Amino acid sequence: MQEEKRKMGEEADDGFQPNGSSPISCTDQPIKLESHFDGSDDAYSPPRRLTIEEISELINDFRIAARNAIEAGFDGVEIHGANGYLVDQFMKDGVNDRTDEYGGSLENRCRFPLEIVEAVADEIGADRVGIRLSPFTDYNDSRDSNPEMLGLYMAEALNKYNILYCHVVEPRMVTQFDKHETGKSLLPMRNAFKGTFIVAGGYDREEGNRVISEGGADLVAYGRLFLSNPDLPRRFELNSVLNKYDRSTFYSFDPIVGYTDYPFLDENA
């Protein structure tokens, strides 16, 4: 848990850090209070700006974590470079205020995620590696002034490493949970990336079928619908009614309610 909280960057609370230390980030500026996705009025802990040496150590942490995952029996790993967490913070110019080789230009801001990709691919094989990106989102104050350019640069740069897939959050999910049509598209990223392209962001059955048939993606990822429908593929196949998810149980500490208590189709019958 402590290692995961470190990777969360400035969103992590110091209460979860080893010895109560400050969370780490590309910056020392805290997230604004109004950015809490759950409406909480608890102030975010001020982060500590990573040094160059610490960045190198973190990249090695990702490499070791990937190796451990494979040794534990996982088929592969997905690098979380989205949703306002540590890797995403480095990429976004709304957060990254560094003046060294990991800040400033687009190339510098993307250096950290690409070095992680290279290290992980070298460790476990590129065919076992994917990455999740959200260039258009502003979760946890992590926003960019030119998300189209950021997304396209990453899609093109990732081709160098021949990773298995790129998993991207739709522009319409610029804020958490709700869809807001923006007129922006992931199609340039999809066309630029040479591997499997996965899209996510409020898809239902019909929208998922459409984006695949129109060539907008190779695969569609489902989160909330899969959480509330453990047999979602079968329900989609039968075009059956879906369980409604309960948002109030998301991210709770209860190991059952909202996680394993949604009924299967046969149970409903």
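Student: In which loop does Y251 lie?

Tutor: Y251 belongs to the loop between α10 (232–238) and α11 (265–268). Keep in mind throughout that this is a predicted model.

Student: Is N162 buried or exposed?

Tutor: Relative accessible area decides, with exposed meaning over 50%. N162 has 59%, so it is exposed. Y251, at 60% relative accessibility, counts as exposed too.

Student: How many aromatic pairs does the structure hold?

Tutor: Five. One of them joins Y245 and F250, with 5.7 Å from centre to centre and 35° between the planes, and is tilted. The ring of F250 also pairs with that of Y251, and this pair is edge-to-face: 6.5 Å centre to centre, 90° between the planes.

Student: How should I read the terms tilted and edge-to-face?

Tutor: By the angle between the ring planes: over 60 degrees is edge-to-face, under 30 is stacked, and the rest is tilted. The 90° of F250 and Y251 therefore falls in the edge-to-face class, whereas the 35° of Y245 and F250 falls in the tilted class.

Student: Why does F250 count as buried?

Tutor: Buried means under 20% relative accessible area. F250 has 12%, so it counts as buried.

Student: Which residues do ring pairs link into a cluster?

Tutor: F90, Y102 and F112 are linked in this way.

Student: Now cavities. How many of 30 Å³ or more does a search of the whole structure find?

Tutor: The idea is a space where a probe fits but cannot get out. The search returns one of 30 Å³ or more. The volume of the largest cavity is about 40 Å³.

Student: Which residues line the largest cavity?

Tutor: The lining is made of G81, D88, M91, L133, S134, P135, L150, G151, M154 and M189. By class, six are nonpolar, three polar and one charged.

Student: Which helix gives the most to the lining of the largest cavity?

Tutor: α6, with three residues. At least two residues of the lining come from each of α3 (86–91) and α6 (147–158).

Student: How many disulfides does a search of the whole structure find?

Tutor: The test is whether two cysteine sulfur atoms lie within 2.5 Å. The search finds zero disulfides. Two cysteines can still be described by their accessibility: C26 counts as buried because its relative accessibility is 0%, and C166, at 0%, counts as buried as well.

Student: Last, contacts. Which residues does E54 touch, not counting those up to four places away in sequence?

Tutor: R48 and R49, once residues up to four places away in sequence are left out. E54 itself is part of helix α2 (residues 52–71).

Note on methods: Residues are numbered from 1 along each chain as its sequence is written. This is a predicted model: local features need pLDDT of at least 70, side-chain atom pairs count only at pLDDT 80 or more; totals for chains, interfaces and linings use all residues. Side-chain values use heavy atoms; hydrogens and water are left out. Helices (H or I, at least four residues) and strands (E, at least two) are DSSP runs, numbered from the N terminus. Contact means heavy atoms within 4.5 Å. Buried means under 20% relative accessible area, exposed over 50%, partly exposed in between (1.4 Å probe, protein chains only). On a 1 Å grid over the protein atoms alone, a cavity is a set of points where a 1.4 Å probe fits but cannot get out, and a pocket is an open set with protein on both sides within 12 Å along at least five of seven lines; lining residues have an atom within 4 Å of a point. Grid points are joined across faces, edges and corners, and a volume is the space filled by probe spheres set on the points. Ala, Val, Leu, Ile, Met, Phe, Trp, Tyr, Cys and Pro count as nonpolar, Asp, Glu, Lys and Arg as charged, and the others, Gly among them, as polar. Rings of Phe, Tyr and Trp (its six-membered ring) pair if their centres lie within 6.5 Å; planes under 30 degrees apart count as stacked, over 60 as edge-to-face and the rest as tilted.
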